[in-house]
Amino acid sequence: MKSAFIRKMRKANGLSMADVAKKLGMTRQTYTLIEEGTRELSLSEAMALAAALGLEFDDFLKEKEPRAITAEVTYSQTPKAVVADEDI
């Protein structure tokens, strides 16, 4: 697991390290090691972490961000003023 992806998803969900650690049933110190990349996740921990971060397990393994986080809104042109019929 890439620790940067896990950290980004945690922050995108507005969760603290302590919040995620509690959901996983571990101490914040242990969870910190996961985010630092110095502790590997077991399969059950990885599945629980994916759920805690609101990700499908397959997407979590592929480090695929939810569309809402990766999508950027772009505008090709400036919106035009709308004129009501009674203004004409």
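Reply: A crossing is left-handed if the near helix is turned anticlockwise from the far one by less than a right angle, and right-handed if clockwise; helices are DSSP runs (H or I, at least four residues), numbered from the N terminus. Here α2 passes α4 in a right-handed crossing. This is a predicted model, in which local features need pLDDT of at least 70 and side-chain atom pairs count only at pLDDT 80 or more, while totals for chains, interfaces and linings use all residues. Residues are numbered from 1 along each chain, and side-chain values use heavy atoms, without hydrogens and water.

Me: At what angle do the axes of α2 and α4 cross?

Reply: Two packed helices are described by the angle between their axes and the distance between the axes. The axes of α2 (residues 17-24) and α4 (residues 43-52) cross at roughly 130° and come within 9 Å, with axes fitted to C-alpha atoms over the stretch in contact and angles running from 0 to 180 degrees between N-to-C directions. That makes α2 oblique to α4, since angles under 35 degrees count as roughly parallel, over 145 as roughly antiparallel, 65 to 115 as roughly perpendicular and the rest as oblique.

Me: Which residues of α4 are buried?

Reply: Buried means under 20% relative accessible area and exposed over 50%, with partly exposed in between (1.4 Å probe, protein chains only). In α4, Glu45, Ala46, Leu49, Ala50 and Ala52 are buried. Viewed down the axis of α4, these residues fall within an arc of 160°, so they line one face of the helix, the arc being that of the directions from the helix axis to the C-beta atoms. The face turned away from that buried side carries the exposed Leu43, Ser44 and Ala51.

Methods
Helices (H or I, at least four residues) and strands (E, at least two) are DSSP runs, numbered from the N terminus.
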